[in-house]
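Subject: Structure handover

Hello,

Here is the structure for you to look at. Please open it next to this email and follow along.

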Amino acid sequence: KVIREGLTAAGLECFGGVNAPYIWIKTPNGMPSWDFFDLVLAKANVATTPGAGFGPSGEGYIRLTGFGGAEDTAQAVERIKRIL
């Protein structure tokens, strides 16, 4: 829930993440998933999963997980928000 609310507030379109550990985020401005993955990793120091790895339907999305601790997850969301 923390991931979805935080990233939606930052203007990203999110899917899932309600009663599930994974959330899909639409990449901004049609950015390819690998490019957004690289940006988030380099600028926010947050590892995601590029949607392209799930096949053609995953392109244009990245996947995040909430399996980490609550504090770490909240910090990752804040770091992503700062780079947008």
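First, the ground rules. This is a predicted model, in which local features need pLDDT of at least 70, side-chain atom pairs count only at pLDDT 80 or more, and totals for chains, interfaces and linings use all residues. Residues are numbered from 1 along each chain as its sequence is written, and side-chain values use heavy atoms, with hydrogens and water left out.

**The core**

The largest nonpolar core has 15 residues. A nonpolar core here is a set of buried Ala, Val, Leu, Ile, Met, Phe, Trp, Tyr and Cys residues joined through side-chain atoms within 4.5 Å. Buried means under 20% relative accessible area, exposed means over 50%, and partly exposed is in between (1.4 Å probe, protein chains only). Leu7, Ile25, Val46, Leu64 and Ile80 have the most contacts inside this core. At least two core residues come from each of helix H1 (2-9), strand S2 (22-26), helix H2 (33-44), strand S4 (61-65) and helix H3 (70-83). Helices (H or I, at least four residues) and strands (E, at least two) are DSSP runs, numbered from the N terminus.

Take Val46 as one of these core residues. Not counting residues up to four places away in sequence, Val46 touches Val40, Leu41, Leu64, Ala76, Arg79 and Ile80. Contact means heavy atoms within 4.5 Å.

**Helix packing**

Start with H1 and H3. They pack at about 15°, with axes 10 Å apart. That makes H1 roughly parallel to H3. Axes are lines fitted to C-alpha atoms, for helices over the stretch in contact, and angles run from 0 to 180 degrees between N-to-C directions. Angles under 35 degrees count as roughly parallel, over 145 as roughly antiparallel, 65 to 115 as roughly perpendicular, and the rest as oblique. The crossing of H1 and H3 is right-handed. A crossing gets that label if the near helix is turned clockwise from the far one by less than a right angle, and is left-handed if anticlockwise.

On the H1 side, the contact uses Val2, Ile3, Gly6 and Leu7. On the H3 side, Thr73, Ala74, Val77, Ile80 and Lys81 take part. By class, the residues of this contact are six nonpolar, two polar and one charged. For these classes, Ala, Val, Leu, Ile, Met, Phe, Trp, Tyr, Cys and Pro count as nonpolar, Asp, Glu, Lys and Arg as charged, and the others, Gly among them, as polar.

Now H2 and H3. Their axes come within 9 Å and cross at roughly 105°. That makes H2 roughly perpendicular to H3. H2 brings Leu39, Val40, Lys43 and Ala44, and H3 brings Arg79, Ile80 and Ile83. This contact has five nonpolar, no polar and two charged residues.

Ala76 also lies in H3. Ala76 is buried, at 16% relative accessibility.

Beyond four places in sequence, Ser33 is in contact with Thr27, Pro50, Gly51, Ala52, Glu59, Gly60, Tyr61 and Ile62.

Thr48 sits in the loop between H2 and strand S3 (49-50). Leaving aside neighbours within four places in sequence, Thr48 contacts Phe37, Val40, Ile62, Arg63 and Leu64.

Gly17 is in the loop between strand S1 and S2.

**Loop and strand residues**

Which value of phi does Asn19 have? Phi of Asn19 is near 60°, a positive value in a residue other than glycine. Asn19 is in the loop between S1 (14-16) and S2, and is exposed at 84% relative accessibility.

Asn29 has a positive phi as well, near 55°. Asn29 is in the loop between S2 and H2. Its relative accessible area is 84%, so Asn29 is exposed.

Trp24 lies in S2 and is partly exposed, at 25% relative accessibility. Leaving aside neighbours within four places in sequence, the contacts of Trp24 are Glu13, Cys14, Phe15, Gly51, Phe54, Tyr61, Ile62 and Arg63.

Best wishes
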